[in-house]
Amino acid sequence: MSVTRAPRKLYVKSYGCQMNVYDSQRMADVLAREGYVETATPDDADVLVLNTCHIREKAAEKVYSELGRLRVLKQEAARDGRRLTVAVAGCVAQAEGEEIIRRAPVVDLVVGPQSYHRLPDLVARAAVEGRVVDTEFPAEDKFDHLAAPTRAATRSRGAAAFVTVQEGCDKFCTFCVVPYTRGAEFSRPVAKILAEVEDLVAAGVKEIRLIGQNVNAWHGDGPDGRAWTLARLLYRLAEVPGVARLRYTTSHPRDMDDALIAAHRDLPALMPQLHLPVQSGSDRILDAMNRKHDRAAYLRVIERLKTARPDIAMSSDFIVGFPGETEQDFSDTLALVDAVGFASAYSFKYSPRPGTPAADSDDQVSEAEKAERLARLQARIDHHAAAFNAATVGRTADVLFENPGRHDGQMTGKSPWMQAVQVMAPPSVKGEILAVRITGTGTNSLYGALVVANGTAPLRHDGADHGTTPDPALPGAPDPAVRAASGGH
Ligand code: SAM
Ligand code: SF4
């Protein structure tokens with residue numbers, strides 16, 4: 001008699017950036033090959049992965065408090081005769097290694113971002129050997145060994161998909177742990193990216209979001225044996241039938257080259273929205289941060305982007321209270337926010353990261369001052385975001401529908417400018433790009449109504465997503481906005 005074993009269950013919790021969301025999906029895909037199915041709750045999991053972020057202190061502390069709570073879950077599983085394997089992945093795993101197991105003995109496995117393809121083996125080893133730590137930077141390309149998602153997995157993840165094209169960073173901003181936790185810059189080759197994009201589109205994905213810590217520094221090998229630029233990759237991906245929308249994040253101002261700016265002019269599929277972190281508006285602070293660009297260079301890039309694509313929505317990241325930041329430096333940041341009129345921006349209090357140069361500075365800004373500046377900056381960002389959102393009211397925009405909305409009968413999707421739009425629409429619109437008349441603004445999203453053709457069917461989108469025609473009557477036209485995300489990533 002054959003005994004069918006119930007599938008083992010996997011729960012992955014992601015912290016931090018989109019790269020972690022992508023990595024979490026790849027971990028699920030690699031463990032799916034071993035018969036693991038994802039579960040929506042940690043309560044019945046056999047393997048539980050915390051995919052962590054180390055960018056700020058709070059992020060790491062959140063992981064340790066979560067691990068405290070997991071002790072109880074692990075004891076309950078043991079009482080029910082189940083073994084719960086707890087794994088810590090991501091940048092906290094990379095940075096802290098063995099220390100995690102010392103501080104949180106509930107952890108069975110610590111796995112760094114370069115070793116996810118070895119997860120099945122590591123989970124099996126943890127079951128036999130007890131605690132396992134793997135935070136190597138192996139020479140092999142982990143992407144070659146990571147499993148592709150099944151069509152069903154891709155469909156369940158929605159019509160917009162991330163594709164990691166680049167990892168690591170060589171820039172060494174003095175506040176940032178990324179070069180230490182993710183290692184040196186690595187670019188995936190064109191053929192691999194193209195194959196992944198074609199698979200995603202075949203499974204129904206319409207929007208491809210290329211991601212990397214420093215995505216516009218991407219320089220992967222092309223099929224012609226030469227290194228391609230990100231611009232060239234975007235032109236190529238725009239030719240893939242079924243790719244209706246393209247985005248890329250996160251970019252560094254220094255790497256916005258002429259061809260990439262021209263791509264925003266030439267490619268209708270390239271959405272009119274760009275996240276371009278500046279961190280500070282003060283040249284003195286930008287220099288101390290080792291950002292490799294000054295305020296004027298940043299503003300020049302924005303001006304050229306706006307010339308190439310007048311309705312482009314700009315977003316950014318800011319750090320307040322970097323060591324030595326004076327009130328004058330901070331005012332320069334506020335003035336830069338006003339000069340650009342960001343559609344949205346994230347802002348953070350400077351968090352000293354051990355091992356980074358700025359953490360050792362004697363000139364640390366007090367917590368109270370950081371909090372006060374953060375509140376002022378967020379108010380200024382919110383003001384511009386609200387103006388940007390208000391400027392979209394009355395316009396018609398293509399919306400890619402992704403999920404049920406906040407209220408019964410609503411669906412939510414993304415405008416070309418990355419605004420969340422709530423629309424009364426049937427669930428069948430999921431995965432479709434439809435024309436929507438923007439009717440109002442809410443706290444974190446816009447409201448809209450489907451534009452109906454001939455009084456019957458919603459206006460369906462026919463290929464590349466052209467967004468709306470920039471409205472010359474709008475001030476500087478970039479003024480529609482992304483949600484006012486001034487709290488955190
Ligand atoms: N590569 C991107 C760039 O060049 O700006 C950003 C990568 S980082 C994952 C995301 C954001 O976290 C940064 O833009 C910065 O604003 C913030 N960040 C990084 N280190 C930080 C620190 N030590 N304290 C506060 N915020 C930090
Ligand atoms: Fe960190 Fe971005 Fe600077 Fe690289 S460019 S060190 S990822 S902030």
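A: A residue counts as near a molecule or strand if one of its heavy atoms lies within 4 Å of it. This is a predicted model, where local features need pLDDT of at least 70 and side-chain atom pairs count only at pLDDT 80 or more, while totals for chains, interfaces and linings use all residues. Residues are numbered from 1 along each chain as its sequence is written, chains are lettered from A and ligands numbered from 1 in the order in which they are written, and side-chain values use heavy atoms, with hydrogens and water left out.

Start with ligand 2. Around it stand C169, K171, F172, C173, F175, C176, V178, P179, H252 and R291. Seven of these are nonpolar, one is polar and two are charged (nonpolar: Ala, Val, Leu, Ile, Met, Phe, Trp, Tyr, Cys and Pro; charged: Asp, Glu, Lys and Arg; polar: the others, Gly among them).

Now ligand 1. It is surrounded by 17 residues, the closest being F175, Q213, Q279, D317 and S351. F175 is also listed around ligand 2. The shell of ligand 1 holds six nonpolar, six polar and five charged residues. A polar side-chain atom of D317 is 2.6 Å from an oxygen atom of the ligand. A polar backbone atom of F175 is 2.9 Å from a nitrogen atom of ligand 1. A side-chain N or O atom of R56 is 3.4 Å from an oxygen atom of ligand 1. Taken alone, ligand 1 exposes 570 Å², and the protein buries 92% of that (Shrake-Rupley areas, 1.4 Å probe). Strands β13 (313-320) and β14 (344-349) each give two or more residues to this shell (strands are DSSP E runs of at least two residues; helices are H or I runs of at least four).

Next, the backbone. The peptide bond from T249 to T250 is cis, with omega near 0 degrees. T250 sits in the loop between β11 (245-249) and α11 (258-266). K292 has a positive phi, near 70 degrees, and is not a glycine. Its loop runs between α12 (283-288) and α13 (295-308). Because its relative accessibility is 34%, K292 counts as partly exposed (buried is under 20%, exposed over 50%, partly exposed in between; 1.4 Å probe, protein chains only). Most residues other than glycine have a negative phi, and most peptide bonds are trans.

How values were computed:
A polar contact is a pair of N or O atoms within 3.5 Å; within protein, one must be able to donate a hydrogen and the other to accept it, and residues adjacent in sequence count only if both atoms are side-chain atoms.
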